[in-house]
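Work through the exercises below with the model open. Each task is followed by a stepwise solution.

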Amino acid sequence: MRTYLFLVIILLLVMPSETTANEFFWGSTGHRTTGHIAQKHLSRKARKAVKRLLKGGNLASASTFADEIKSDDAYRKYSPWHYVNFNFGTKYGDQPLNPAGDIIMAIRKCKAVLQDPNSSDTDKVFYLKLLVHFIGDLHQPLHCGKAEDKGGNDFQVRWFDQGTNLHKVWDSKMIDSYGMSYTELAESIDVLSKKERKAIQEGSVLDWAYESQALADKVYKSAKVGEKLRYDYSYKNLGTVKQQLLKGGIRLAMVLNEIFK
Ligand code: ADE
Ligand code: ZN
Ligand code: ZN
């Protein structure tokens, strides 16, 4: 028994930190920030509809559902819906699309279900939660990254003394190291004038993907494979992260206000 206990302790100690509970919900602060901002910009009608469907919950709490179901095999078909990869500088659809779907198709599907008066409430709840998450993901530049390295997931770097990859640095490492709660982060960036907000609301879902892809191109040039990234990387890039979280929130509210008119 003592040997067994000893082995378990050793195993826990050597287990890579990537698999700790904290890491499991990577990206949750970013998603909740976008959800919280969107919640504040909902119209009265949209707020009522969201409250009814989420049974008193809100867009921040709904925002991480799509990541939580990833570990359940029953939901495997939704994995490719979190991102899109197409050649930089080309248009979506110039190359064959992923038959398993992508984030553009996913957002269209969510909107269609929510706008269809014949959709069941169960479907509406499910696709609303997915929509909140996918509009967030769309604004993480590397969710519109290159196919060959899975949007930076195969682009190994170090974050301080920990081995990780560029995708995770942009999903969560910079945000988590910043140390703010999602409400603090949301309050600190959601400070736009009406005119600035209007400018962000321009364009379509595809335009927002092209914008993310253009940022992804810069992100790839911001680090070398194996490089040790630390404070100065956040210093240079946290502004982009915040801007994308804010855009995601403002645009999500706009999409929902349009659906629940
Ligand atoms: N996550 C998993 N695969 C991905 C890809 N190809 N692009 C972006 N994010 C991903
Ligand atoms: Zn996701
Ligand atoms: Zn991601």
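**Exercise 1: A metal site**

The four donor atoms around the zinc ion (ligand 3) subtend angles of 55 to 154°, so the arrangement is irregular. This is a predicted model.

Task: Show which cut-off rules out a tetrahedral label for four donors.

Solution: 
- Step 1. Four donors count as tetrahedral if all angles lie between 85 and 135 degrees.
- Step 2. Around the zinc ion (ligand 3), the angles run from 55 to 154°, which makes the arrangement irregular.

Task: State which atoms coordinate the zinc ion (ligand 3).

Solution: 
- Step 1. H143 and H167 each donate NE2.
- Step 2. Along the sequence, the donor residues follow the spacing H-x23-H-x3-D.
- Step 3. The pair H143 and D171 links distant parts of the chain, 28 residues apart. H143 sits in the loop between α8 (121-138) and β1 (156-159), while D171 belongs to helix α9 (residues 166-178).

Task: Are H143 and D171 buried or exposed?

Solution: H143 and D171 are both buried.

Task: What distance separates the zinc ion (ligand 3) from the zinc ion (ligand 2)?

Solution: The separation is 5.4 Å.

**Exercise 2: The sheet**

Task: Give the strand order of the open sheet.

Solution: 
- Step 1. Three strands are ordered β2-β1-β3, with mixed pairing.
- Step 2. β2 (162-165) and β3 (228-229) are the edge strands, each pairing on one side only.
- Step 3. β1 and β3 run parallel, joined by two bridges.
- Step 4. R158 stands opposite K228 in β3.

How values were computed. Residues are numbered from 1 along each chain as its sequence is written. Chains are lettered from A and ligands numbered from 1 in the order in which they are written. This is a predicted model: local features need pLDDT of at least 70, side-chain atom pairs count only at pLDDT 80 or more; totals for chains, interfaces and linings use all residues. Side-chain values use heavy atoms; hydrogens and water are left out. Donors are N, O and S atoms within 2.8 Å of the metal (3.2 Å for Na, K and Ca); water is not among the atoms, so sites may look incomplete. Four donors count as tetrahedral if all angles lie between 85 and 135 degrees; four count as square planar and six as octahedral if opposite donors are over 155 degrees apart and all others between 65 and 115; anything else is irregular. Helices (H or I, at least four residues) and strands (E, at least two) are DSSP runs, numbered from the N terminus. Buried means under 20% relative accessible area, exposed over 50%, partly exposed in between (1.4 Å probe, protein chains only). Two strands pair if DSSP finds at least two bridges between them.
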